[in-house]
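Dear colleague,

I am handing over the structure we spoke about, and below it you will find my notes on what turned up when I went through it. Please read them with the structure open beside you.

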Amino acid sequence: FQATRNELRDLFRAYGQLKKVRLPRKFDGSHRGFCFVEFLTEQEAQAAMTALKDTHLYGRHLVLEWAKKDESLEQLREKQRKLYNKHDDS
């Protein structure tokens with residue numbers, strides 16, 4: 001995962017005010033390959049989802065998903081791991 005927090009912030013900032021951009025890390029300090037972006041309003045988040053759904057960053061397709069309120073961080077990580085492995089296999 002090559003993108004920095006600032007690069008991701010700049011990418012998503014074009015669609016609204018950001019509350020938070022978080023890039024979880026592995027135990028070795030490297031990025032896990034996904035991030036969480038939180039906007040101030042749902043409308044801003046929807047604008048970003050619509051605009052960026054077919055976007056590539058550093059040669060990789062961005063996979064955008066809505067977080068579900070009942071999903072734990074570990075469930076989100078597992079879902080992203082499966083999607084990441086699926087994209088690598090194709």
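The structure holds 2 aromatic pairs, a pair being counted where the ring centres of Phe, Tyr or Trp (its six-membered ring) lie within 6.5 Å, with planes under 30 degrees apart called stacked, over 60 edge-to-face and the rest tilted. Phe12 and Phe39 make up an edge-to-face pair, with 6.4 Å from centre to centre and 65° between the planes. Because Phe12 belongs to helix α1 (residues 5-13) and Phe39 to strand β2 (residues 36-39), this pair ties together parts that are 27 residues apart in sequence; helices (H or I, at least four residues) and strands (E, at least two) are DSSP runs numbered from the N terminus. Phe12 is buried at a relative accessible area of 7%, and Phe39 is buried at 10%, where buried means under 20% relative accessible area, exposed over 50% and partly exposed in between, computed with a 1.4 Å probe on protein chains only. Phe34 and Phe36 form an aromatic pair that is also edge-to-face, at 5.6 Å centre to centre and 90° between the planes, and Phe34 is buried with a relative accessible area of 9%.

Before going further, a word on how to read these values: this is a predicted model, in which local features need pLDDT of at least 70 and side-chain atom pairs count only at pLDDT 80 or more, while totals for chains, interfaces and linings use all residues. Residues are numbered from 1 along each chain as its sequence is written, and side-chain values use heavy atoms, with hydrogens and water left out.

As for the overall arrangement, the secondary structure comes to 3 helices and 4 strands, which follow the pattern α-β-β-α-β-β-α along the sequence. Of the 90 residues in the protein, 23% are buried. Among contacts (heavy atoms within 4.5 Å) between residues at least 6 apart in sequence, 38% join residues at least 24 apart.

The structure also holds 2 salt bridges, a salt bridge being a side-chain nitrogen of Lys or Arg within 4 Å of a carboxyl oxygen of Asp or Glu. One of them joins Asp10 to Arg13, with the closest N and O atoms 3.4 Å apart; the two residues are 3 apart in helix α1, and so are separated by about one helical turn. Asp10 is partly exposed, with a relative accessible area of 47%, and Arg13 is likewise partly exposed, at 46%. Lys19 forms a salt bridge with Glu38, again with 3.4 Å between the closest N and O atoms, and since Lys19 lies in strand β1 (residues 18-22) and Glu38 in strand β2, that pair ties together parts that are 19 residues apart in sequence. Lys19 is exposed, with a relative accessible area of 52%, whereas Glu38 is partly exposed, at 34%.

In helix α2 (residues 42-52), the buried residues are Glu44, Ala45, Ala48, Met49 and Leu52. They cover an arc of only 140° around the axis, which puts them on the same side of α2, the arc being that of the directions from the helix axis to the C-beta atoms. These buried residues pack against α1 and β2, while Glu42 and Gln43, on the other side of α2, are exposed.

Glu44 deserves a separate look: although buried, Glu44 has no salt bridge, and the nearest side chain of opposite charge, that of Lys19, is 9.4 Å away (Lys and Arg count as positive and Asp and Glu as negative, with His and the chain ends not counted). A polar atom of the Glu44 side chain lies 3.5 Å from the backbone nitrogen of Leu40. Leaving aside neighbours within four places in sequence, Glu44 is in contact with Tyr15, Gly16, Gln17 and Phe39.

Finally, Arg5 lies in helix α1 and is partly exposed, with a relative accessible area of 35%. Its side chain reaches the backbone oxygen of Val21 at 2.7 Å. Not counting residues up to four places away in sequence, Arg5 touches Val21, Arg22 and Leu23, and the C-alpha atoms of Arg5 and Leu23, which are 18 residues apart along the chain, are separated by 7.0 Å.

How values were computed. A polar contact is a pair of N or O atoms within 3.5 Å; within protein, one must be able to donate a hydrogen and the other to accept it, and residues adjacent in sequence count only if both atoms are side-chain atoms.
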